[in-house]
Amino acid sequence: AEENKSADADGIWAGATYLEDTELGEGAKTFTVEVKADEKTVTFTIHTDEKTVGAALIENGLIAGEDGEFGLYIKSVNGITADYNADQTYWAFYINGEYATSGVDTTDITEGAEYRLERTR
């Protein structure tokens, strides 16, 4: 029998690392990234000295993936996996609401920019 951690932690959020808005890291730069999957969104405020969004998220253990021909291919965000081969889901990266043309590992951190990683089908 599956145990229900909490009412809002069912489905793909059951294995999530963080279930509520969280502040992470130390450094001179600050940015936020929303992590959205199904109907739930958690916002992370990240402090870092890293140059790119991807490096800062890796530094704080928020994303994991593998290097592909277009840079880092994100497989897991906040402990939630998207596996295109299994269920046609993937992590989409948005900057200020627009679908990003660059990967997280080549996107320089811009103060005040809104970043979002959304589990998409």
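# Close-up views of a predicted model

**Figure 1. The hairpin of β2 and β3.** Asp38 takes a positive phi near 55° in the hairpin of β2 and β3, where two residues lie between the strands. Helices (H or I, at least four residues) and strands (E, at least two) are DSSP runs, numbered from the N terminus. The model is predicted: local features need pLDDT of at least 70, side-chain atom pairs count only at pLDDT 80 or more, and totals for chains, interfaces and linings use all residues. Residues are numbered from 1 along each chain as its sequence is written, and side-chain values use heavy atoms, with hydrogens and water left out.

**Figure 2. Strand pairing around β3.** Strands β2 (residues 29-37) and β3 pair in the antiparallel sense over nine bridges; two strands pair if DSSP finds at least two bridges between them. Lys29 stands opposite Thr48 in β3. Strand β1 (residues 22-25) pairs with β3 (residues 40-48) in the parallel sense, over four bridges. Here Thr22 stands opposite Phe44 in β3.

**Figure 3. Aromatic pairs.** The structure holds four aromatic pairs. Rings of Phe, Tyr and Trp (its six-membered ring) pair if their centres lie within 6.5 Å; planes under 30 degrees apart count as stacked, over 60 as edge-to-face and the rest as tilted. Tyr18 and Phe44 form an edge-to-face pair, 5.5 Å centre to centre with 75° between the planes. This pair links distant parts of the chain, with Tyr18 in the segment before β1 and Phe44 in strand β3, 26 residues apart. Tyr18 counts as partly exposed at 24% relative accessibility, and Phe44 counts as buried at 0%. Buried means under 20% relative accessible area, exposed over 50%, and partly exposed in between (1.4 Å probe, protein chains only).

**Figure 4. The cluster of Phe31, Phe93 and Tyr115.** Ring pairs link Phe31, Phe93 and Tyr115 into a cluster. Phe93 is buried, at 7% relative accessibility, and Tyr115 is buried as well, with a relative accessible area of 2%.

**Figure 5. The salt bridge of Asp87 and Arg119.** A salt bridge joins the side chains of Asp87 and Arg119 (3.2 Å, N to O). Asp87 lies in helix α2 (residues 84-87) and Arg119 in strand β9 (residues 114-120), so the pair ties together parts that are 32 residues apart in sequence. Asp87 counts as partly exposed at 24% relative accessibility, whereas Arg119 counts as buried at 15%. The term salt bridge stands for a side-chain nitrogen of Lys or Arg within 4 Å of a carboxyl oxygen of Asp or Glu.

**Figure 6. Further salt bridges.** A search of the whole structure finds four salt bridges. In one of them, the side chains of Lys75 and Glu66 meet at 3.6 Å, N to O. Lys75 is partly exposed at 32% relative accessibility, and Glu66 is partly exposed with a relative accessible area of 41%. Glu118 forms a salt bridge with Arg116, the closest N and O atoms being 2.9 Å apart. Glu118 counts as buried, at 17% relative accessibility.

**Figure 7. The whole protein, for orientation.** The protein has two helices and nine strands. Along the sequence they follow the pattern β-β-β-α-β-β-β-α-β-β-β. Buried residues make up 37% of the 121 residues. The C-alpha atoms fill a box of roughly 45 × 30 × 25 Å, taken along the principal axes.
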